[in-house]
Amino acid sequence: MDCHSSTMFYTSSEAGLATNGATWVASRFGSISTTLGTLNIGTTVTYPQFVVTPDNLLQFVYRTGVSGNGATQLSEYNGGVWSNVGSWASGSGTYTSTNGVTSSARNLYIHGFTYRFNRLHVTGTWREQVGGVSCSSGGLTNHDTTYFYSDDKGRTWHNSAGASVGTSGSNPMNVNTAGIIVDPLNADHGLMNQESQTVDSSGQIHTIISYVPGRFTQCVTNYEADRIAHGFAFHLYRSSNGTFTKFEIPFPINAVGRSQIVLDSADNAYVVLPFVRIVTASKSSGWTDWTLVYDGAAAGLNAFGEVTVDRARLISGVLSVLYQVRSTGTTPSAILWEKKIRYTNTLFRDKSIPAFEPQNTSFPISDMTQTQRYTTANPYEAQFGYSRAVRRGPFIFVSGTTSVDPTTGVVQHPGSAHEQALKIFYEIIRAIEALGGTRQDVMRIRMFVTADEDTNDVGRALKENFGDVGPAATMIVGAEFVRAEMKVEIEADAVVLWYELQYIKDLLSTLTSFRPNLNVVTRDKYYGDDCKVQTK
C-alpha cells in the first residue's frame, strides 16, 4: 500500500492471479508483512512503486527517511528473493540558496523511474530541510530539475553528457553531483515535486515540471494560493545531443497539484492537467503547438485536483484517467475511472462525447481498386524495390520488418530480441497508421526468429503490443537474415474496420433505394460497432 514516512505493508498472491481471471480473495494472497519477503527496508517508507525491467525483473523504488532528509533506494526481486541494490540518491552535500542560506540535508523527489530500450531514466527535484533557503516560509524548498540514467538496471549512473556520476549503495548521487541539473531554478517559485515523465521512441526523456514563473513574482509567499493563481506547467525534454529544451504550456494549471505526460506511437505529447483538462502538442511542431482538446471542468466531471494515468494501458492506444470527485465536509467522495480516451497520433476518441470519423480512413466504394503505398528511408526498400506497407481497399499488408533504423540504416538493439521486437512493432503500427488504419485493425502477425531462446522475449513483445487485440499469429524459429545482428523479423496484415462499416452502410443505403419496405438502423462509433437490418 502507499505510505508517506510510515511503515510499508506487503503481500504477494498465488502465481498467475493477475492474468488467469480468478477472483481476488484474501485466501489467494500470502500473509501481510512489513518487509519485502525477507528483506527489511525499515519503517519510514515514502512513495513506494514497483517497476518491471526490460528483462522482466521486478524492482521496488522508494525513499527512506523523511521529507527534506531522506535517501532514494532500490530493491530487486530475482529468483524468488528480494535483495537490496542500495541507495542511489542521498541527502548528503551542501546547498546554498540565492539568499545565502545553507542547507546540509535534503531528499530527491523523482518524477519517474522509466525504462526504454534497456536504459533507465530518472528526472527529479531536490527538497531542502532548511526552510530558510526559500524567500518565504510559505513557499516550497524544492529547487532545480535533475536528470540521470542507468544502463545496468540502476547499479551505476550517468549524467546527460554520459559521464559516470554515481554507484548505488557505495557512491550515491547527491546535490553536489556534477552535471545532473538540467533546468536550474531556486527555491522561490513553488516548484512541484513528484510530477511525471515518459520516454519517446528514440529513447529521449520528456518530463513535466510546474511552478510560478518569475513574470508573476520572484517570491512565492503561499505556494498553494500562488500556484492556483499563477502556476504553469512546462514541457522539458532531451535531444539526442544531450541538451534540454523547456517550453511553457500556455494553459494555467489552476491548481496546487500535478500533471501527467504521455506520448503516442508517433511521439505526439498529451498532458493531463489537474481537473482532467487535456492538452496536446505534435512532434512535428517541436512540441510547441499546444492545444486544449478536452476540458473535464467544462464537461462537468467535478474532478478534485490531480489525476492518475493508467500507463500500462497506453500501449493499447487508450488513455485511461482515474480521478476523485470533489467532496464537501468529511464524507469521502467517489473515485472514478471512466474517461477512456482513444488516441492515434493527435486524434482523441473520447467515448463520452459524440463519435467522429478518424482521419484518412474514409474511402468511397469506387476506390476499392485504389492502391496506396507507404515507404520509409530503410535502405533495403530502395535496394530491393518494395514498400514498407501497401493498402488496397480495407486491407493493409506490412512487409517483413526488422529493427533497422529507417533514418540511419543501423540495426537497433543487436543484443536483445525483446527490444528489437518492440522497435519492429512500433514501425509496423506507424506504417498501418500512415495508411489510415489502427493497431486494433491488425488481424494477423507472422514472426521469424533466429534462435529458440528468443521466442519468449519476442512473444512477450507481441503481448505487450497486441495482447488486447488478439490477432492470429505465427512464430517460426530458425530463420536467417541479411545481417547477423538481426534476431527477429515480423510482418503483419490489417483490415480497416471503419472502411468495412462504411462500405456496408453505403451498400445498405443503395439497397433501400430499390426496396422501400427495408428499414435500416445503424449505430456509428469509432471502431464501428454494428449495423442492424430490420425487415418488414
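**Figure 1. Surroundings of Thr198 in the predicted model.** Leaving aside neighbours within four places in sequence, Thr198 is in contact with Gln204, Ile205, His206, Ile261, Val262, Leu263 and Arg311. The structure shown here and in the following figures is a predicted model. Thr198 is found in strand β14. With a relative accessible area of 13%, Thr198 is buried, because burial is assigned under 20%.

Figure 2. Gln194 lies between β13 and β14 (196–199), in the loop. The backbone of Gln194 has a positive phi of about 55 degrees, although the residue is not a glycine. Most residues other than glycine have a negative phi. The relative accessibility of Gln194 is 16%, so the residue counts as buried.

**Figure 3. Asp144, a strand residue with a positive phi.** Asp144 is found in strand β10. Although Asp144 is not a glycine, its phi is positive, at about 65 degrees. Is Asp144 buried or exposed? At 8% relative accessibility, Asp144 counts as buried.

**Figure 4. The disulfide of Cys135 and Cys219.** The model has one disulfide. This link joins Cys135 to Cys219, with an S to S distance of 2.1 Å. The angle about the S-S bond is 110 degrees, and the link of Cys135 and Cys219 is right-handed. Cys135 lies in the loop between β9 (119–128) and β10 (142–150), and Cys219 in the loop between β15 (205–211) and α1 (223–230); the pair therefore ties together parts that are 84 residues apart in sequence. Cys135 counts as partly exposed, at 35% relative accessibility. Cys219 is also partly exposed, with a relative accessible area of 24%. Another cysteine, Cys3, counts as buried at 7% relative accessibility.

**Figure 5. The hairpin of β11 and β12.** Strand β11 (residues 156–158) is joined to β12 by three bridges, and the two strands run antiparallel. Within this pairing, His158 stands opposite Ser164 in β12. Five residues lie between the strands of the hairpin, where Gly162 takes a positive phi near 95 degrees.

Figure 6. Where does Ala178 lie? Its place is in the loop between β12 (164–167) and β13 (181–183). Ala178 has a relative accessible area of 56% and is exposed, because that class begins over 50%. Not counting residues up to four places away in sequence, Ala178 touches Asn159 and Val165. Ala178 and Ser164 are 14 residues apart along the chain, and their C-alpha atoms are separated by 9.6 Å.

**Figure 7. Helix α3 and the glycine that follows.** Helix α3 (residues 417–434) has 18 residues, which at 1.5 Å a residue should span 26 Å; the end C-alpha atoms are 26 Å apart, so the two values agree. How many of the 18 residues of α3 are buried? The helix is mostly covered, with 16 residues buried. After α3 comes Gly436, whose phi is positive, near 90 degrees.

Figure 8. Across the chain the average pLDDT is 85, and 85% of the residues score at least 70. Over residues 342–367, by contrast, pLDDT stays under 50. For residues 342–367 the model has 84 contacts beyond four places in sequence. Residues 514–536 form another such stretch, with pLDDT below 50 and 43 contacts in the model beyond near neighbours in sequence. Where pLDDT is low, the predicted coordinates should not be read in detail.

**Figure 9. The whole chain, as a setting for the close-up views.** The secondary structure comes to five helices and 33 strands. Of the 536 residues in the chain, 50% are buried. The chain exposes about 23600 Å², of which carbon and sulfur atoms supply 52%. Among contacts between residues at least 6 apart in sequence, 57% join residues at least 24 apart.

Notes. Residues are numbered from 1 along each chain as its sequence is written. This is a predicted model: local features need pLDDT of at least 70, side-chain atom pairs count only at pLDDT 80 or more; totals for chains, interfaces and linings use all residues. Side-chain values use heavy atoms; hydrogens and water are left out. Helices (H or I, at least four residues) and strands (E, at least two) are DSSP runs, numbered from the N terminus. Buried means under 20% relative accessible area, exposed over 50%, partly exposed in between (1.4 Å probe, protein chains only). Contact means heavy atoms within 4.5 Å. Two strands pair if DSSP finds at least two bridges between them. Accessible areas come from the Shrake-Rupley method with a 1.4 Å probe; for residues, only the protein chains shown count as cover. pLDDT is the predictor's confidence in each residue, from 0 to 100. The expected span of a helix is 1.5 Å times one less than its number of residues. A disulfide is a pair of cysteine sulfur atoms within 2.5 Å.
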